[in-house]
Amino acid sequence: MTNFTFPLPDVGEGLTEAEIVQWRVKPGDHVAINQVVCEIETAKSLVELPSPFVGIVRELLVAEGDTVLVGSPIISVEGEGPDLAPDTGVIEAVADVAGSVSSDEEAPPVKNLVGYGTGATESVSRRRRTKPLAKGPVISPPQTAPSAPAAEGTTVLAKPPIRKLAKDLGVDLHGVSPTGASGEVLREDVVRHAGQATVFKNLETPAWPEIREDRIPVKGVRKAIAQAMVKSMFTAPHVSVFVDVDATRTMEFVKRLKASPDFAQIKVSPLLVMVKAMIWAVQRNPMVNSTWTDDEIIVHHYVNLGVAAATPRGLIVPNVKEAHTLSLRELAIALEQLTVTAREGKTSPEEMSNGTITITNLGSFGVDTGTPILNPGEVSIVALGTIKPKPWIVEGEVRSRMVTTVAASFDHRVVDGDVASRFVADVASVMEEPALLHD
Amino acid sequence: MNELPMAKAINEGLKSAMTADDKVMMMGQDIAQLGGVFRVTEGLQKLFGPNRVVDTPLAESGIVGTAIGLAMRGYRPVCEIQFDGFLYPAFDQIVTQLAKQTARHEGTQGFPVVIRIPYGGHIGAVEHHQESPEAYFAHTAGLRVVSPATPHDAYWLIQDAIASSDPVIYLEPKSRYWHKGPVDLEASGAPMHKARIAREGTDVTLVGHGAMVTVLHQAAEIAAAEGVSAEIIDLRSLSPLDYDTIVASVNKTKRLVVAQEAPENASVGSEIAATLTERAFYVMEAPVLRVSGFNTPFPPARLENQYLPDADRVLEAVDRSLAY
Amino acid sequence: MPYTDATLRLLGQDGALVQDDRVEKYTQAIAHLDEGDFREFFRIMSVVRRFDVEAGNLQRQGQMALWVPSIGQEAAQVGSAFASRAQDHIFPAYREHCVAYIRGLDLIDIIRMLRGVTNGGWDPRKTNNFHLYTLVIASQTLHATGLSMGIGYDGACASGDLDKDEAVLVYFGDGATSQGDASEALIFAQSFQTPQVFFLQNNHWAISVPVRVQSRTPLYERAAGFGLPSVQIDGNDVLMSYAATRVAMDAARSGQGPHFIEALTYRIGAHTTSDDPSKYRDEDELKFWQAHDPIDRLKNHLETLGVEESFFDSVAIEAEDYAADIRVKTLAIEDPPVEAIFRNVFMEDHPVITREAAWLKQYGESFEEGA
């Protein structure tokens, strides 16, 4: 003898519940297969339910007048007849239910065989996955070694946002080493590439010369540089201060300028921003824009801004005259002109004299910072280092930001520590927030 | 190599198929003595007799429903629906019956019925005579859907369709019926469901079918003069779509523009856009752009040139794609 | 009163043969039948009715989403099915369980369809050309007509040899006559003079819509309007059902074109187990038709022929056994494997089917065991 339970079926294609209107049998009655055991009322009609089992009615599990969910057991029969559904999982459930019923426990709802019906306790949960599925057929990675950059003209794999980033940063995706799982270029690959030092860019390592020594006569530009350096270094007491700053907004500003029609065809770089920052900072800290003579300190209320330029014959410092009167655009043009002239070796002595403050760009060599030597006749020199992605704390979280070190050296006869610090902080704050230039 | 207009090419293809297998038969309105309103079936009843080229009563559902019964009897019926706009009375028999009979019969018999439908605009026709209904069929599992753009493909695809053991919707771009093109009567050159590279290029891939392929050629010529090299893919098959060919092309060009006469919403072009995004995500430099009919009923014919995508509309999308 | 002056019958409800000159040719059509045939009619009607009741019970026990009862229509179906010849094709709607039985279908296959393990369930070529049930109303009338056209093109009719010439018998209901496809089928049949009989079981209801909404005139007259020879019969008279079908099918197969039979009968049960006729039907109407029950009528006739009580008892026992066997088979039906979703969508390989089937397999394997 086995205990069988009859779960309320869905008799009308999508019904979820029914009311037991009338029981036609009671516990102890013998019931035959197909004998009507009860009448139910559904949303659609009154229906008589025939027994699936033959045997003795054990218990009526719900009462007349109760509304019952589809799938809930309504009657248990101690039977010798066929099981409700021997080949589906239901029979185990039914047997479990039957077992638990026989031990007088609460019978849980049994999943219905056919049709719908929910059961109040049937909660939907997610089946656990062991592994993610492979992506569908996609373009396969290029045939080169996984971490080597794609050759020009072949396919680079990168998601649209990364392509945009590369475009904005002026990075050619073909030159970037991809580290993505499918061989694609990732965001950090692009950023790393953009910030990459170009230290080794142009140099080949030459062979050891065969002669033991080269003797270079000290004359000309080299002699002049040496004299200037010595004069500067050993007359003015040099002090250097440094500040690291998040220059991400400067990089964005530079990008916007590059895209602006006003700056079409004009070279724009972070150096331009720093030069503007220096002029603004000079206006707030005039002492840094001075000349020491033994009798007096001459504070200049104009800025002839010198830019250290590497030329084939050595380091020269031509300056942009009256830089404080120039708009950003004019300044950009002037700086570009200055650089071109210097590279051509055509800088005039007049252009190299009467500078009031200088900037030197160590970043173009990939160097973080340094302790620049003052240009003779000046009391301040600012060094722009490389701007590269570094971890930075933004709103309490570590983020990758474009970070640079602003360095400056001062003549301590004229510029004390507080002035020096304020000046450098001002320059740095513009690098952090170029909008300050609109002040 | 013969030069044939598409209507003649289809006629030759039908002739060839009917000669090869006497179970192939044709049914439709006005296809017998008149030879079809577009003369595509001209001369066929004379050749094959009234039992094989059958004028039916004016009842599209009846045409397709009886074709299903004939297929059950072992025939290979080729139905003609006179115009795209009139296929809808047959839509029930196509979707609830023809598309599902193979599955319903659990593969014990096939239903090799071909339904030929002239479709598309550009002939200044009245309402219901210029539609592009391919999306309904592409969306219905159990049907194969093809559409030739050239007389050569028209000749071969009709034969492929008839030879298939599955139901095939064969869409004939009616604006191309009388344009001539070379037809190689010896070899088809491509399986039924393979797309064709109609023009090679490197800067952008243009995809279309039927009459749109001609427009794509026009656009590509202009683009070339402007320094943009466009690759053209003629789909030939709308269901299944030959994604391998499209993906390989986009791998090369990185940009995709899909053009269709049909209205854009839930169109075959939209399906291509979704799938290409999945399969070519890492190489695309612009989103897939669709150039389609507007989401309105097909307008009166005097407006069809503004409604249907032309070379300018295709080129606008090409410009937009290149600007990304 | 559902019968009209045009309604033809051979048997009255009391089991006595009817005296009517109009049925002369029909009387001849059953002349070759004997008591053994009538016993067979009775047996089958009884067994299938018992099967039908069992199937209804099984639905109420959760074994099927739906059951479609044929109770009350046994004579219309058994008579007509026996009248068709072995070489004929039969197109049912979805309620012709007696016809299925006679054509050799294992009725468990009908239960398999309604249980949801198949959308078809059998191969007509292996079931004496008994075609699949069609659920889209009247759709099968066009398929039947098309196949009939094919018989014509094959030259497989009108030779004069009744045992060779083929014909098609298509069943449909009163509701179906309103569908456009039904009219189109009559048009094509008439136009092509197909070897075909349209057998309309007017069971008076299309779910809850009575036949007077489908037509204000008797439905057999509609066929005459399309040009088909047409007759209205008492569908609960199995002998008339046989005779009318025999005459019509043999005329159709002999080159006389399509014919039409309207068999007046009644859907004693509901449209399906989801339906509740008590919401729209008249008790008196039901009582009338219960009083004209087809099985009772034949039993009455057999009794006038002197058939013994033990025969009826043995049929009842056989019917019980059949029902019990169906019950066991139903409870043993297994769900189809998930791969069946992708099987047989096309006859030839299809890349989308291949891809999706592979994906679903992979997807299924990506879950933890027993999850």
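## A walk through chains A, B and C

Start with chain C and colour its two domains: their centres, taken over C-alpha atoms, are 38 Å apart. Domain 1 of chain C covers 21-336 and domain 2 covers 337-371; such bounds come from an automatic or database domain assignment. Before you go on, note that this is a predicted model: local features need pLDDT of at least 70, side-chain atom pairs count only at pLDDT 80 or more, and totals for chains, interfaces and linings use all residues. Residues are numbered from 1 along each chain as its sequence is written, while chains are lettered from A and ligands numbered from 1 in the order in which they are written.

**Stop 1: the sheet in chain C**

Select strands E1, E2, E3, E7 and E6 of chain C. Helices (H or I, at least four residues) and strands (E, at least two) are DSSP runs, numbered from the N terminus. You are looking at an open sheet of five strands in the order E1-E2-E3-E7-E6 (chain C), paired in parallel. Two strands pair if DSSP finds at least two bridges between them. Which strands stand at the edges? They are E1 (89-91) and E6 (230-234) of chain C, each with a single partner strand, so one side of each has no neighbour in the sheet. On average, neighbouring strands of this sheet are turned by 20 degrees against each other, direction ignored.

Now zoom in on E6(C) and E7 (residues 259-264) of chain C, which pair in the parallel sense over five bridges. To find one of the partners, pick C:Gln232: its bridge partner in E7(C) is C:Glu262.

Next, show the helices. H6(C) lies across E1, E2 (168-173) and E3 (196-202) of chain C, running at about 170 degrees to E2(C). Helix H9 (residues 219-226) of chain C lies across E3, E6 and E7 of chain C, at about 165 degrees to E6(C). For these angles, axes are lines fitted to C-alpha atoms, for helices over the stretch in contact, and angles run from 0 to 180 degrees between N-to-C directions.

**Stop 2: where chain C meets chain B**

The contact takes 34 residues from chain C and 33 residues from chain B; two residues are in contact if their C-beta atoms, placed from the backbone, lie within 7 Å. On the chain C side, the elements giving two or more residues are H6 (139-154), H7 (180-192) and H14 (351-365) of chain C. Which of these gives the largest share? H6(C) does, with eleven residues. Colour this side of chain C by residue type and you get 16 nonpolar, twelve polar and six charged. Ala, Val, Leu, Ile, Met, Phe, Trp, Tyr, Cys and Pro count as nonpolar, Asp, Glu, Lys and Arg as charged, and the others, Gly among them, as polar.

**Stop 3: where chain B meets chain A**

Turn to the other contact of chain B on this tour: ten residues of chain B touch twelve residues of chain A. Select H8 (243-253) and H9 (268-279) of chain B, the elements that give two or more residues to the chain B side. That side divides into six nonpolar, one polar and three charged residues.

While you are in chain B, click on B:Ala266, in the loop between strand E13 (256-263) and H9 of chain B. Its 13 C-beta neighbours inside 10 Å make B:Ala266 count as partly exposed. A residue is buried if 20 or more other C-beta atoms, placed from the backbone, lie within 10 Å of its own, exposed if 12 or fewer, and partly exposed in between.

**Stop 4: chain A**

Chain A has eight helices and 19 strands, and 36% of its 439 residues count as buried. Colour domain 1 (2-102), domain 2 (160-194) and domain 3 (220-438) of chain A; the C-alpha centres of domains 1 and 3 lie 90 Å apart.

Then select helix H2 (residues 160-169) of chain A, whose buried residues are A:Ile162, A:Arg163 and A:Ala166. They cover an arc of only 105 degrees around the axis (taken from the directions from the helix axis to the C-beta atoms), which puts them on the same side of H2(A). Their cover includes helix H3 (187-194) of chain A. Just after H2(A), A:Gly170 takes a positive phi of about 70 degrees.

Finish at A:Thr369, in the loop between strand E16 (357-361) and strand E17 (380-384) of chain A. Is A:Thr369 buried or partly exposed? With 19 C-beta neighbours inside 10 Å, A:Thr369 counts as partly exposed. Beyond its neighbours within four places in sequence, the contacts of A:Thr369 include A:Phe242, A:Leu362 and A:Ala407.
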